[in-house]
Amino acid sequence: MDEATERMGEQLRERIVQLFGRSLAIREVDAGSCNGCEVEVNALTNAVHDIERFGMHIVASPRHADMLLVTGAVTRNMEMPLIRTYRAVPPPKMVVAMGSCAASGGMFAPSYAVIGPVDSILPVDAYIPGCPPRPQAIIQGIMVALDRWEERSR
Amino acid sequence: MRKLLRRMFGYGSRTVPYPTEAFTPPAAFIGRPEADLDGCDRCGRCAAGCPAGSLSLVDEGLQLDLGSCIFCGECARICPEHIAMGKDFELAARGREELKVVFARG
């Protein structure tokens with residue numbers, strides 16, 4: 001990729017991050033998880049952790065979403081639904097793999113029912129380790145995906 | 001009625017101001033494993049006992065793959081001399097390779 005195209009790509013990403021930093025619609029997708037990560041995502045919208053103060057909200061359809069938050073090791077049954085969900089998100093879009101199952105297949109990678117981690121199916125922008133990750137760790141992971149983590153201490 | 005309203009609005013903000021302020025997890029929280037390999041003889045029991053296969057012995061020392069770690073504490077139980085479970089939870093990364101942490105051999 002030549003330098004001009006790379007610079008354009010950088011500027012595009014900066015612009016997307018600028019927009020997403022003000023208002024981010026997150027669609028959570030369970031690609032075959034144990035639901036531990038879902039419980040922590042539930043906790044994100046309560047009064048204690050409150051991601052709404054960052055302008056992030058959880059939406060009901062991938063068509064409304066800017067970002068897919070994928071949990072679970074991708075099972076064979078969930079491969080096509082996950083791909084169709086990803087295609088349903090209008091660009092620009094981001095994917096964040098949450099939890100050790102989504103990041104690497106976790107403990108279930110050798111299973112006959114599991115295809116693998118999320119990055120074997122979709123391009124992933126950030127990985128959040130944890131089993132399950134704390135709500136604060138999820139907030140950090142989304143901010144890392146948005147390139148906002150480095151500028152937080154201002 | 002007035003007492004109820006006073007109680008409802010008397011609580012104030014319950015939001016934890018993360019990440020504007022640093023957050024200390026509770027005492028029972030299990031975070032990232034921390035290893036001090038001073039005097040480690042590379043017996044490999046930690047890597048053999050890890051249920052998720054996250055630990056492996058590499059040339060530089062001990063490699064921990066945070067992407068597959070389930071934070072169970074088994075490695076710390078097997079080798080309390082060199083491994084302890086810390087409190088670090090801010091572990092997110094953009095790339096898969098950044099999740100592989102290497103503890104240098106002592």
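The following legends describe close-up views of a predicted model. Local features require a pLDDT of at least 70 and side-chain atom pairs a pLDDT of 80 or more, whereas totals for chains, interfaces and linings use all residues; side-chain values rest on heavy atoms, without hydrogens and water. Residues are numbered from 1 along each chain as its sequence is written, and chains are lettered from A and ligands numbered from 1 in the order in which they are written.

**View 1. Crossing of helices H2 and H5 in chain A.** Two packed helices are described by the angle between their axes and the distance between the axes. Helix H2 (residues 36–44) of chain A and helix H5 (residues 135–145) of chain A have axes that come within 9 Å and cross at roughly 80°. Helices (H or I, at least four residues) and strands (E, at least two) are DSSP runs, numbered from the N terminus. Axes are lines fitted to C-alpha atoms, for helices over the stretch in contact, with angles from 0 to 180 degrees between N-to-C directions. H2(A) and H5(A) are therefore roughly perpendicular to each other (angles of 65 to 115 degrees).

**View 2. Residues joining H2(A) and H5(A).** From H2(A), Glu40(A), Val41(A), Ala43(A) and Leu44(A) meet Pro135(A), Ile138(A) and Ile139(A) of H5(A); contact means heavy atoms within 4.5 Å. The residues of this contact comprise 6 nonpolar, no polar and 1 charged. Ala, Val, Leu, Ile, Met, Phe, Trp, Tyr, Cys and Pro count as nonpolar, Asp, Glu, Lys and Arg as charged, and the others, Gly among them, as polar.

**View 3. A salt bridge between Arg94(B) and Asp147(A).** The closest N and O atoms of this pair are 2.9 Å apart. The pair crosses between chains, linking the loop between strand E4 (83–85) and strand E5 (100–104) of chain B to the segment after H5 of chain A. A salt bridge is a side-chain nitrogen of Lys or Arg within 4 Å of a carboxyl oxygen of Asp or Glu, and the whole structure contains 6 salt bridges over all chains. Arg94(B) is partly exposed at 31% relative accessibility, and Asp147(A) is partly exposed at 38%. Buried means under 20% relative accessible area, exposed over 50%, and partly exposed in between (1.4 Å probe, protein chains only).

**View 4. Salt bridges of Glu97(B) and Glu34(B).** Glu97(B) pairs with Lys100(B) at 3.6 Å, N to O. Glu97(B) is exposed at 57% relative accessibility, whereas Lys100(B) is partly exposed at 29%. Salt bridges that share partners join Arg32(B), Glu34(B) and Asp88(B) into one network. Within it, Glu34(B) and Arg32(B) meet at 3.7 Å, N to O. Arg32(B) is buried at 16% relative accessibility, and Glu34(B) is partly exposed at 37%.

Key:
Parallel < 35°, antiparallel > 145°, perpendicular 65-115°, else oblique.
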